[in-house]
Structures are given as structure tokens and as C-alpha cells.
Amino acid sequence: SPTPFTQTYKLFPNLINRPPTSIELIREVTVGENPTSVCYYKGFTYVGNVKGSVHRVDQAGNVVLNFTKHKSVWISGIAAHRDKIYILLFQPPAHCVSVYDLEGKQCHTWKIVDGTGDFYRVLAVINDSVIIANRPKKEILIYTLTGVLIRTVKCELLGTSGVYFIELGRNLLFVSNGS
């Protein structure tokens, strides 16, 4: 097995670089059961769950339950980009991406050609591209914002369970296998 390693980055160069000594809970909000994904965009937090709903929470903690609602699906991922909310939906045995405006109106939807397996948090939008995992084929699918497949990239980590995507800026995607 590979030797573990760490890298340290000075993220805030103008601040004294000390580890935090405490953390404070500012607000706790209940948005339903079994959340699967979360996304923050322009003052709102969007939370998807296993029952097919996306709830929207504002900065004051007000919740709009079922901001979007999908029957018989699992929300596999949420990402926001250019005033659109991209939702990866899993309705066995297939996935699709459904795109909404900030008012909750559906703009368009497209099917994912290859299944991504039964896991979540595998959607990102980076540089005007929608990034989705294809776990069975161990590859990352790269689509346009309207659902045209641009290319695929091999990624052996996708063959394991518990894979997560995290956007790290405009050109970077962090892929973790959860182990």
C-alpha cells in the first residue's frame, strides 16, 4: 500500500497561522432526514436527501422545504454555477442531471449515459463543465453545462466505495475514496 503523506498550505497569508482553539455553533436548522449532499451559493444552502427533495436554507435559518421535489429518486449531488443549481438524481438503475434556476424552476434535464453506481456526492461544476463519477468504469465524465459529453478521464479511486468529490477552485477537483 502507498505511504501516506501530507502537504501543508498557507491558506490565509495575511492572518496569523494558528490552529483554532474553539468552534461555536451559530445556528442549527432541521431540514428533514438522511441528507446526502449540500451546496452553498449566494447566501443559500441547498440540502438534498434520500427521499428526492432539495431544501433551501437562507442565512437567517429560514427553510424552504421541498424547494425541488423528485419522486422515487435519491439526490446524489448538488452543485451551483452561474445562477443554476445542478442536481444529480439517482433513480435506479440510472442517473440524470436536472438543472434549476434560483427560483426553483426546472431549466433542463439530461440522462447520464453510463451509470454511476449507488453512491453520492459525486457531482461538481468546474470551469463551465459538469463533472460526474462513473464508478463502474472508474472514470470521471465531463459534460457541458447543457449535458453534452465532452470527454472521460480515468480515475482508479472510483472503483472503491465511499468516493466523494470536492471542488478546489476553478480548475481543481479533489477525489477522496473515503478510506
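Predicted model: local features only at pLDDT ≥ 70, side-chain atom pairs only at ≥ 80, totals over all residues.
**Around His55**
- The side chain of His55 gets to within 2.8 Å of a backbone oxygen, the one on Val31.
- Val31 also turns up among the residues His55 touches beyond four places in sequence.
- That set of contacts includes Thr45, Tyr46, Val47 and Asn49, and also Val63, Val64, Leu65, Asn66 and Phe67.

**The sheet**
- Four strands make up an open sheet, ordered β1-β2-β3-β4 and paired antiparallel.
- At the edges sit β1 (35–41) and β4 (63–69), each of which pairs on one side only.
- Going from one strand to the next, the twist averages 25°.
- Strand β2 (residues 44–49) and β3 run antiparallel, with five bridges joining them.
- Across from Arg56 in β3 you'll find Tyr46, which is also one of the residues that His55 touches.

**Lys51, in the loop**
- Look for Lys51 in the loop between β2 and β3.
- Lys51 is partly exposed, because its relative accessible area is 46%, which lies between the 20% and 50% cut-offs.
- Setting aside neighbours within four places in sequence, Lys51 makes contact with Glu33, Lys69, His70 and Val73.
- Lys51 and Asn34 are 17 residues apart along the chain, and their C-alpha atoms are 8.1 Å apart.

Conventions
Residues numbered from 1 in each chain as written. Heavy atoms only, no water. Polar contact = N/O pair within 3.5 Å; in protein donor to acceptor, adjacent residues only side chain to side chain. Contact = heavy atoms within 4.5 Å. Pairing = 2+ DSSP bridges. Helix = DSSP H or I, 4+ residues; strand = E, 2+ residues; numbered from the N terminus. Axes fitted to C-alpha atoms, helices over the stretch in contact; angles between N-to-C directions. Buried < 20%, exposed > 50% of the residue type's maximum accessible area, 1.4 Å probe, protein only.
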